[in-house]
Amino acid sequence: MEVRNPRIKSMKYEDFNDNEYIESMVRELRENGTNVVVGCLDEVIEWGRSNSLWPLTFATSCCGIEFMAVGAARYDFARFGFEVARASPRQADFIMVAGTITHKMAPVLKRLYDQMADPKYVIATGGCAISGGPFKKSYHVVDGVDKILPVDVYIPGCPPRPEAMLYGLMQLQRKVKVQRFFGDVNRQIDRKECEELLRRDLTAEKNELNVEKDANHEQ
Amino acid sequence: MNNNLKESITAWEPAAVWSECGDGWFTVPADRFRDLAVRLRAEGFDFLRSLTGMDWGGEGFGVVYHLESTATGENVVLRTMTPDRENPVLPSVCDLWKTAELNEREAFDYFGIRFLNHPDMRRLFLRDDWVGYPLRKDYDPSQNPLRMSNEVSKDSTASFELMPDGSIIRQRNVLFDEGEYVINIGPQHPATHGVLRFRVSLEGEIIRKLDAHCGYIHRGIEKMCEELTYPQTLALTDRLDYLGAAQNRHALCMCIEKGLGVEVPERVQYIRTIMDELQRIDSHLLFFSCLCMDMGALTAFFYGFRDREKVLDILEQTTGGRLIQTYNTIGGVQADIHPDFVRKTKEFIAYMRPKLREYHEVFTGNVIAQERLKGTGVLTREDAISFGATGGTGRASGWACDVRKRHPYAAYGKVDFEEVLFTEGDCFARYMVRMREIEQSLNIIEQLIDNIPEGEYQLKMKPVIRIPEGSYYAAVEGSRGEFGVFIESRGDKYPYRMKFRSTGLPLVACLETIARGTKIADLIAIGGTLDYVVPDIDR
Ligand code: SF4
């Protein structure tokens, strides 16, 4: 069962070294006239924010174990400020979707995401979260969390190595550092739209926690 | 199966027809099945290894039962079926073997088979508003788009009873009363080890009733396997119970090899055995870490993971994977062992033994740990057998259920090791079983590592594998119990039905029995020591 000349499509190795492109883009923008005082203040805030990102402890399957390994002794993500894993979504900054998301889990995940406070970020970890992975054809698996949540960083692998996870986490940090320039990184909607949404939520008739009204509920 | 047993079964139930095809089984008509089941239970067949729902197309729906007698070790396979495709109804056996309770719900969920007198006929994995039954051969997936509405948890359930005139009535059973204080735990909760969900009815701090909800990570692997060739199915087993990746895949390979009638070389058997044991150590170390973390001992968590990385290094060097190794293949293993494998493994054994002592110093002797684990969450031996709670859980209750001893496979027949048994059945016993099993695993590896015979690591197999018609069951001792694979083949490239006997589902089934009457805080210790892995429960 030997595989002959496997052709593995992946990121080019040189590209891993090109981690500064976001920063350089931002530098260029700054040089072309951002407000100095507010700009500096933003920079400080975002520097602080990016170095104390708290993850939500959320793991559905195999990738979650590797995520635990990232938190444990050898890989130790405390080095980068991720160690305060929170069990409550209200205290977490980002959600690491580690594992397969099934149809039954999808509304729960969405609710967890909605419960998180802004600013919030999403990392899709592993083949399953990115596209359904090995279970893409299954009747009960969501083929990609980006169908239900806006994703900031994708970490491919099955499961991704802890090093890859750290790389992905650091990519998120880079993104957070410059988020002011790309709008609200995660929601990718502008202020107006956001306010509109907020208002709608308040005024909309109470939708019974988004429970489907089902007449023949009792079979 | 021996002839005596065959004769007695034919004597007890003349309508039972023996088929010699694959493992061999008795087919019993649905209306006679219940009597034979009662008889077999009385004759000592107290362990229902596996219950598999089936769709036999034109012949209707049915169920395959794998029974074992814990006293004599005899096995028997029974089948029963109903030709009614519109309204399939079969008798329930959940009063004889408690493990059937969840398994029958699973069969209902997959095939829509209703079991008479089962007290709780709800879906097990899928949402209540799911349309159709996914494992039926004529299931149409377009009926079920992704639904983003939240689910309502119902407080009642249904059961079906047969009236004397032959009609079937539906009865409403109450799960939780209006006045009961019900709290929800999970699916996103750090102590459930994944996405399991409980609804617990409390009286003060005491648990009165517990209702487990599964399916939040139901990936439909069994259905997917029906559309994959045999070598392709191997990819999915590693992802079931990812802390038993090597063992799961071993079981599937063994089952396929059994069907093909292939005997793998000695070298492969040795390698597989060593890999299985390394995997077991890996899993038990993770168990230790997580249990300690759940109980608030964070230091122990780091200790456990530190040492687990050492096992992963060894696995990675040979297989290329840390967590998911995809190493076993049909008729062998993917690659020969790495030149450093033997040396590194021996170094690890020497390293690990003193570390275990350290663990006991850090955690086992701790007063808080002892207070919380000793005497809480007792599971009796009878219940363990009836629920089919194998692995460390069963052995902590005094049930010698180790597949490595019961049905030796690979190189386990050649090694000398002790089956760790406790009789208390409490959390502490479950914890100690696993800690002691690490030592036994080290012993097993030690006996084999220097004697790996020379030879091939992979047999030449045909590119297209077809298993002769029949059904086959093979089991290994996974990290947390008996992991079995059931294949029904019709001689095609694809399995007609592939079922995995989950190691975790029986553990969830017995949770209610264990937890009733304990304090809510003990649920964490109980869940931690049962050591289930949720994707393995939900499959
Ligand atoms: S991507 Fe692979 S390792 Fe991760 S959850 Fe999916 S199957 Fe498991």
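**A walk from the A–B interface to the interior of chain B**

Chain B and chain A bury about 4800 Å² between them, with 63% of that area on carbon and sulfur atoms. Keep in mind as you look around that this is a predicted model.

Let's stay at the interface for a moment. Chain B puts 61 residues into the contact, and chain A puts in 49 residues. Charged pairs take part here too: the count between chain B and chain A is 4 salt bridges. One that you can pick out joins the side chains of A:Glu66 and B:Arg322, with an N to O distance of 2.8 Å. Counting polar contacts between chain B and chain A gives 12 residue pairs, both partners being at pLDDT 80 or more.

Which elements of chain B each supply at least two residues of its side that touches chain A? They are strand S9 (168-174) and the helices H4 (221-225), H5 (230-237), H7 (266-294) and H8 (298-319). H8(B) gives the most to that side, with 9 residues. Sorted by class, the side of chain B that touches chain A has 33 nonpolar, 11 polar and 17 charged residues.

Now move to the ligand. It is surrounded by 15 residues, and the closest are A:Cys62, A:Cys63, A:Gly127, A:Cys128 and A:Cys158. Although those names all carry the letter A, the site is shared between chains, because residues from chains A and B surround the ligand. The elements that give two or more residues to this shell are helix H4 (62-71) and helix H6 (126-131) of chain A. H6(A) gives the most, with 3 residues. By class, the shell around the ligand divides into 8 nonpolar, 6 polar and 1 charged.

Chain A has 8 helices and 4 strands, and along the sequence they follow the pattern α-α-α-β-α-β-α-β-α-β-α-α. Of the 219 residues in chain A, 41% are buried. If you take the contacts in chain A with a separation of 6 or more, 78% of them come from residues 24 or more positions apart.

Start with B:Glu20 and B:Lys6, whose side chains meet in a salt bridge at 4.0 Å, N to O. This pair links distant parts of the chain, 14 residues apart: B:Glu20 sits in the loop between strand S1 (17-19) and strand S2 (25-29) of chain B, while B:Lys6 is in helix H1 (residues 3-12) of chain B. Are the two partners buried or exposed? B:Glu20 counts as exposed because its relative accessibility is 60%, whereas B:Lys6 counts as buried because its relative accessibility is 17%.

Another bridge stays within one helix. B:Glu347 pairs with B:Arg343, and their closest N and O atoms are 3.0 Å apart. Both residues lie in helix H9 (residues 341-364) of chain B, 4 residues apart, which is about one turn of the helix. At 44% relative accessibility, B:Glu347 is partly exposed, and B:Arg343 is partly exposed at 43%.

For a buried example, look at B:Asp402 and B:Arg404. Their salt bridge has its closest N and O atoms 2.8 Å apart, and both residues are buried. These two also belong to a network of salt bridges that links B:Glu277, B:Arg280, B:Arg395, B:Asp402, B:Arg404, B:Glu437 and B:Glu477.

The last stop is B:Ser201, in strand S11 (residues 197-203) of chain B. B:Ser201 has a relative accessible area of 1%, so this serine counts as buried. What does the side chain of B:Ser201 make a polar contact with? The partner is the side chain of B:Glu180, at 2.6 Å. Leaving aside neighbours within four places in sequence, B:Ser201 is in contact with B:Phe176, B:Glu180, B:Tyr181, B:Val182, B:Ile206, B:Ile207, B:Arg208 and B:Lys209.

Key:
Residues are numbered from 1 along each chain as its sequence is written. Chains are lettered from A and ligands numbered from 1 in the order in which they are written. This is a predicted model: local features need pLDDT of at least 70, side-chain atom pairs count only at pLDDT 80 or more; totals for chains, interfaces and linings use all residues. Side-chain values use heavy atoms; hydrogens and water are left out. Contact means heavy atoms within 4.5 Å. Buried area is the accessible area (1.4 Å probe) that two parts lose on being put together, summed over both. A polar contact is a pair of N or O atoms within 3.5 Å; within protein, one must be able to donate a hydrogen and the other to accept it, and residues adjacent in sequence count only if both atoms are side-chain atoms. Ala, Val, Leu, Ile, Met, Phe, Trp, Tyr, Cys and Pro count as nonpolar, Asp, Glu, Lys and Arg as charged, and the others, Gly among them, as polar. A residue is near a molecule or strand if one of its heavy atoms lies within 4 Å of it. Buried means under 20% relative accessible area, exposed over 50%, partly exposed in between (1.4 Å probe, protein chains only).
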